[in-house]
There are 2 protein chains.
Amino acid sequence: MPPRHDTEKKTPGIDQSCLQHLLGYQIARADITTRRAFSEHIGKPLELSPVEFSCLVLLAFNPGATPKQLATALAMVAPAVTVLLDRLDKRGLIERVRSDSDRRAQHVTLTPAGTELALKAHAQSLDMEREVVTALSAAERAILVELLQKVARAAQP
Amino acid sequence: MPPRHDTEKKTPGIDQSCLQHLLGYQIARADITTRRAFSEHIGKPLELSPVEFSCLVLLAFNPGATPKQLATALAMVAPAVTVLLDRLDKRGLIERVRSDSDRRAQHVTLTPAGTELALKAHAQSLDMEREVVTALSAAERAILVELLQKVARAAQP
DNA sequence: TATTGTTATACTCTATAACTATA
DNA sequence: TATAGTTATAGAGTATAACAATA
């Protein structure tokens with residue numbers, strides 16, 4: 001571990017080695033960093049939360065997906081998806097139409113404004129990615145993504 | 001990427017490849033998995049949230065740390081630390097004493113009950129770790145931790 | 001009877017601003 | 001004037017249960 005020179009003004013840092021062996025701790029810390037980067041590059045400029053972003057991009061690549069499918073993909077519970085879609089609907093970004101084959105279900109599609117925002121946000125995400133991973137080589141990044149996928153799948157095989 | 005056979009009952013999954021290139025997305029997914037594991041192994045049995053756990057363990061290894069130091073270590077804002085410490089105080093796990101050298105500051109220490117719980121939780125975290133990383137070899141796990149640290153530090157060098 | 005989606009509610013977490021007491 | 005910690009309040013995210021419409 002490299003000697004981390006303290007950039008704090010006054011308060012000396014405390015020893016965190018007792019937590020650093022925990023994968024969950026490291027993931028949570030990295031999550032804070034990437035959420036911060038998201039907020040700066042996409043969240044604030046486009047007024048999108050992480051799930052709103054993910055939902056729009058998913059819909060751009062999966063037109064007509066159902067709320068049920070979105071719930072699974074976004075790891076959200078059904079009522080949360082309803083609230084999320086309500087917000088996007090109110091902004092004129094999506095539309096919900098009842099399915100013909102199963103009149104309980106709905107198909108969600110992006111409006112032109114929604115498509116434009118989704119593609120803009122997706123493009124921005126590529127810029128963001130470049131900044132977040134400057135500390136990593138391309139090979140390291142690929143390894144990191146692969147290992148994270150293994151962890152994510154560990155619980156739901 | 002291995003062919004992921006769908007275990008869902010009815011609803012077919014939608015294409016998430018449009019998000020999988022984003023490190024933040026992968027980290028968020030892995031975060032869900034590790035939080036679930038934490039909840040099962042530590043959260044529910046010991047009635048501890050992730051930050052409560054981290055706070056107790058930090059105090060076990062850093063007796064007399066100040067709320068300010070805890071705020072930095074836990075990536076929390078000062079008022080949130082106050083609320084957190086209030087909860088732990090109410091459960092008789094910590095004590096706060098005013099500093100002699102600077103009477104604005106406090107030193108937080110674990111009570112005997114707090115120490116016992118902290119050590120028990122810390123031991124449980126080692127069991128949890130074993131389960132979360134069954135999908136990874138020891139070498140993969142070490143690499144993952146190192147890469148995550150690089151990412152976490154990218155924003156606060 | 002089971003499923004899709006909605007409503008209502010509550011609980012947690014977090015962020016901000018305003019306050020106190022010390023320095 | 002600046003800092004450590006608190007209080008109060010509001011916002012976002014998420015979870016549960018109860019419900020309507022459809023299968």
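Residues are numbered from 1 along each chain as its sequence is written, while chains are lettered from A and ligands numbered from 1 in the order in which they are written. Because the model is predicted, local features need pLDDT of at least 70 and side-chain atom pairs count only at pLDDT 80 or more, whereas totals for chains, interfaces and linings use all residues.

The contact between the protein chains involves 57 residues of chain A and 56 residues of chain B (contact: C-beta atoms, placed from the backbone, within 7 Å). On the chain A side, α1 (23-46), α2 (50-61), α3, α5 (112-132) and α6 (138-154) each supply at least two residues (helices are DSSP runs of H or I with at least four residues, numbered from the N terminus). The largest share, 16 residues, comes from α1(A). This side of chain A divides into 32 nonpolar, 14 polar and eleven charged residues (Ala, Val, Leu, Ile, Met, Phe, Trp, Tyr, Cys and Pro count as nonpolar, Asp, Glu, Lys and Arg as charged, and the others, Gly among them, as polar).

DNA strand D is surrounded by 23 residues, the closest being A:Ser49, A:Arg103, B:Lys68, B:Pro79 and B:Thr82 (near: C-beta atom, placed from the backbone, within 6 Å of the strand). To the surface near DNA strand D, α5(B) gives the most, with four residues.

Around DNA strand C there are 22 residues, of which A:Lys68, A:Pro79, B:Ser49, B:Pro79 and B:Arg103 come nearest. Here α4(A) provides the largest share of the surface, four residues.

Definitions and conventions. Contact = placed C-beta atoms within 7 Å.
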